Amino acid sequence: MSVHRLQWSPGQPSVSDVEARAATIGVIRYDIAARRLDLDDRAREIFSAPTDRPAMEVWHERVHPDDERVVQKLFEDAHTSLGAECLYRIVLPDRSLRYVLTRSMTIESTNDPGAGILTGIVLAVDPELGADAVLTRVLDRVSLGFMVLGEDMVVRYINTESERHLGVPRAEILGRHIHDALPRTRDSFFGDFHREVIATRGEVTLQTASLYVPGRTIELTGSFVDGHVAINFRDVTETVERTARLVDAYQSILDRSRHDDLTGVLNRSALLERLTRPDCDLAAPTALLFVDVDYFKEINDTHGHAAGDLVLRTLAQRLRSECGSEDVIGRIGGDEFIIASFAPTGAGGEQGADRLAARLGDRVREPIALDESDVEVSVTIGIAYNSGTVRLADLLALADTALYSAKRTRPARRG
């Protein structure tokens, strides 16, 4: 192995100059005595209700004439049945139809039986689903489940799909603290999720592993509604898995685009990008080692290109095995490699690069077994040291010059 070194110092001349609004819950409040309706922002969005018009006026205008009786019955049922629900159509300003599911949640009762505040939630439903859905099953089909908890975490309501997912009859859950009714939730994400919804008084979304169906991922959307936490949860396992596959595929493509197909080390463009990346703490290597395989053309001519490829793959593996965590290696073409050392000057500096070059020379001389014989390979190394703030192009040119100086002094090929 031949090694030649050049030093660059500040002040020397430059060598060169080189990524599901439809599932979001809206909230409605209806003052029974005053016959006044209030909508939150999401509910206004669902009904396309302008802020400068009374919500009740817009509501009556939007509800499809054929569904007015269905909506009226919802308000009648809500007086006696927590969780009364219905599916109906609304007519938007552009005359298109939207299916809406409304479910009552609470009634704030007063001494006057004809008064009180009805609070409920609304969801926009996919038209294909809404067109043929049985009303009492709509929310079951829209999502994995629906549950209402008090601030004290007592279960106020769950739907049929929740029963199926949890495997527990609703009669054993309603009216009980969720940790008592469903012990698996006690030391899980559930408590923090419930507290966050209450603290934010807004909407909170969480994706997590299901506590009750192994291997499934669920997405919870929680909203705070008049002292209650409404939780809509759905199975997103397929979406999560599909996203993971896409990420893996993208990473694989990215890796292939950054690595040399033959040797597996960084290719030329990825190496230069790595060395010049402006946001990288290691953007100023302390030394560059330019490595050239001696008499590689003779190996190709004597043993064939397949043998030459094997030699390059083997050498790349050996070079990489001698590099430490502070070294970056890449192939810049043919039989030439560059190793950038980022070891701090005070932690070895020039001596560290010299020692690395010596190890590389010893390691690559180990015979490489070809089909018909073994071949011994050596390398020539040019080293450029960075003793100050210099440009990468200057270091590359210095390392290249050092390499060719070393080549002139390397011993002749034996045999």
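Good morning, colleagues. Please keep in mind that we are looking at a predicted model.

I shall begin with the largest nonpolar core. The core comprises 30 residues, and those touching the most other members are Leu289, Val311, Phe337, Ile339, Val377 and Ile381. Several elements contribute at least two residues each: the strands β12 (287-293), β14 (336-341) and β17 (379-386), together with the helices α11 (296-303), α12 (305-322) and α13 (349-364). Of the contributors, α12 gives the most, with 6 residues. As general background, nonpolar side chains in soluble globular proteins tend to be buried together.

Next, the largest cavity. Its space amounts to about 130 Å³. Of the 14 residues that line the cavity, His165, Leu166, Phe190, Ile218 and Phe233 lie nearest its centre. Helix α6 (160-166) and strand β10 (217-225) each supply at least two residues of this lining. What is the division of the lining into nonpolar, polar and charged residues? There are 11 nonpolar residues and 3 polar ones, with no charged residue.

Finally, the aromatic pairs, of which the structure holds 3. In the pair of tryptophan 59 and tyrosine 88, the ring centres are 6.0 Å apart and the planes meet at 45 degrees, so this pair is tilted. Because tryptophan 59 sits in helix α2 (residues 55-62) and tyrosine 88 in strand β4 (residues 85-91), the pair ties together parts that are 29 residues apart in sequence. Both tryptophan 59 and tyrosine 88 are buried. Together with Phe47, Trp59 and Tyr88 form one aromatic cluster.

A further tilted pair is made by phenylalanine 189 and phenylalanine 190, at 6.1 Å centre to centre and 40 degrees between the planes. Is phenylalanine 189 buried or exposed? Its relative accessibility is 18%, and the cut-off for buried is under 20%, so phenylalanine 189 counts as buried. Phenylalanine 190 is buried as well, with a relative accessible area of 8%, and this residue is among those nearest the centre of the largest cavity.

Thank you for your attention.

Notes: Residues are numbered from 1 along each chain as its sequence is written. This is a predicted model: local features need pLDDT of at least 70, side-chain atom pairs count only at pLDDT 80 or more; totals for chains, interfaces and linings use all residues. Side-chain values use heavy atoms; hydrogens and water are left out. A nonpolar core is a set of buried Ala, Val, Leu, Ile, Met, Phe, Trp, Tyr and Cys residues joined through side-chain atoms within 4.5 Å. Buried means under 20% relative accessible area, exposed over 50%, partly exposed in between (1.4 Å probe, protein chains only). Helices (H or I, at least four residues) and strands (E, at least two) are DSSP runs, numbered from the N terminus. On a 1 Å grid over the protein atoms alone, a cavity is a set of points where a 1.4 Å probe fits but cannot get out, and a pocket is an open set with protein on both sides within 12 Å along at least five of seven lines; lining residues have an atom within 4 Å of a point. Grid points are joined across faces, edges and corners, and a volume is the space filled by probe spheres set on the points. Ala, Val, Leu, Ile, Met, Phe, Trp, Tyr, Cys and Pro count as nonpolar, Asp, Glu, Lys and Arg as charged, and the others, Gly among them, as polar. Rings of Phe, Tyr and Trp (its six-membered ring) pair if their centres lie within 6.5 Å; planes under 30 degrees apart count as stacked, over 60 as edge-to-face and the rest as tilted.
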